[in-house]
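Morning, everyone. Please look at the structure on the screen while I talk through some of its parts.

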Amino acid sequence: MTYFRSNVDEMASYVPGEQPKRGTQIIKLNSNENPYPPSPAALAVLRNIDGEWLRRYPEPYGEEFRQATSKVLGVPSDWIIVGNGSDELLNLVIRACAEPGRKVVYPMPTYVLYRTLSQMQAAEIVEIPYKEDYSLPLEKLIAANGAVTFIASPNSPSGHVVAMNDLQNLANRLSGVLVIDEAYVDFAEENALNLVKEHANVFVIRTLSKGYSLAGLRLGFGVANPKLLDGLFKVKDSYNIDAIACAVGAATITDQAYKNACVAKIKASRTQLAKDLQKLGFRIWSSQTNFLLAQPPQDNAEYLYQKLKQRRILVRYFKQPGLDNKLRITVGTNEQNHALVEAMIELLGTGKQ
Ligand SMILES: *Cc1c(COP(=O)(O)O)cnc(C)c1O
């Protein structure tokens, strides 16, 4: 006997990367957080939050953040929806569009939460493997014709950007919603924002968790034709954006210069870390994100993950086909990356299964 719907009973919980207690001395390269602090302008706003803002309910659409984002992106503010992290926006699309008998489609491997959210809704899930070189299985995705199709671009954990041509083709040929999850767009050389203008079924989702160093604040946003946003607004919580997140987020996204400087540092560190790991014999996939997918030379990814953890360095290991011989390593500061490489040198020297 159980209290739950059968799909809830049967589904596995989403397993996030380990989040050690605050203050723990650890090099944390497992959740793709930004190693640099949030914008000083944003922290100044945070210090000046008025108790009166907290006494009252917040503005229901995160209007101050919406306006700030509208200016930065050059997109009208009524084309923007704000979420409690971009995870909430993924959830809203699923809640509004998916149910038993309706398909949710995505290429694999990708962000594991797409599966979890679809299972909650008891939607029919269609997972289509990426080709060996991480090119998109375009025709199969189109043939599956989901009520919702998720494409993370840049993708996690592969780090690649999906070809703009393929995204355009999907937008043209799918009758359902095409979600383009751009969580890592700040580290990429291109983006798909323009597609929303011509395609009423395209929903581009971004976050302040990665490029803007605000994973703890929980703030994300999506851009789409207002007709698509209408349905999402119906299923969101009335006050999904708290007053603090809204004000801090607005100051953060306005401070593009600070974000660009952090991103430039991370990209330079990414190049260096890739070189250092390649020298040790790792296979490294080209990345347009703040992490690297790395395949160790001795086929001992799980061993390395465990041993690094003992040395207080956390990286991500996915025990699933196609990934269980690889590690996903967040690009940290040069100092953190150096510590990782030094640890790898020692472990590879003694590395047995
Ligand atoms: C980190 C991440 C998210 C979630 O970001 P939040 O805004 O922190 O919820 C969404 N999609 C992908 C692919 C991610 O890697």
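Let's start with one side chain. A polar atom in the side chain of Asn7 lies 2.9 Å from the backbone oxygen of Met120. A polar contact here is a pair of N or O atoms within 3.5 Å; within protein, one must be able to donate a hydrogen and the other to accept it, and residues adjacent in sequence count only if both atoms are side-chain atoms.

Before going on, a word on the source: this is a predicted model, where local features need pLDDT of at least 70, side-chain atom pairs count only at pLDDT 80 or more, and totals for chains, interfaces and linings use all residues. Residues are numbered from 1 along each chain as its sequence is written, and side-chain values use heavy atoms, with hydrogens and water left out.

Back to Asn7. Asn7 sits in helix H1, residues 6-10. Helices (H or I, at least four residues) and strands (E, at least two) are DSSP runs, numbered from the N terminus. Is Asn7 buried or exposed? Asn7 counts as buried, because its relative accessibility is 14%. The cut-offs: buried is under 20% relative accessible area, exposed is over 50%, and partly exposed is in between, with a 1.4 Å probe and protein chains only.

What does Asn7 touch? Leaving aside neighbours within four places in sequence, Asn7 is in contact with Gln119, Met120, Gln121 and Ala122. Contact means heavy atoms within 4.5 Å.

Ala122 follows helix H6, and its phi is positive, near 55°. Now H6 itself, residues 113-120. Its buried residues include Leu113, Tyr114, Thr116, Leu117 and Ser118. Their cover includes helix H5 (86-97) and strands E3 (103-108), E4 (124-129), E5 (148-152) and E6 (177-181).

**The ligand**

Next, the ligand. Around it are Gly85, Ser86, Asp87, Tyr111, Asp181, Ala183, Tyr184, Thr207, Ser209, Lys210 and Arg218. Being near means that a heavy atom of the residue lies within 4 Å. A polar backbone atom of Ser86 is 2.6 Å from one. For a backbone N or O atom of Asp87, the distance is 3.0 Å. For an N or O atom in the side chain of Thr207, it is 2.5 Å.

**Ser213**

Ser213 is in the loop between strand E7 (202-207) and strand E8 (220-223). Ser213 is buried, because its relative accessible area is 13%. Its side chain makes a polar contact with the side chain of Asn34, at 3.4 Å. A polar atom of that Ser213 side chain also lies 2.9 Å from the backbone oxygen of Tyr36. Not counting residues up to four places away in sequence, Ser213 touches Asn34, Tyr36, Pro37, Pro38 and Leu208.

**Two helices**

How do H4 and H11 run relative to each other? The axes of H4 (63-73) and H11 (243-254) come within 8 Å and cross at roughly 10°. H4 and H11 are therefore roughly parallel. On the H4 side, the contact is made by Glu63, Glu64, Phe65, Ala68, Thr69 and Val72. On the H11 side, it is made by Cys246, Ala247, Gly249, Ala250, Ile253 and Thr254.

Axes are lines fitted to C-alpha atoms, for helices over the stretch in contact, and angles run from 0 to 180 degrees between N-to-C directions. Under 35 degrees is roughly parallel, over 145 roughly antiparallel, 65 to 115 roughly perpendicular, and the rest oblique.
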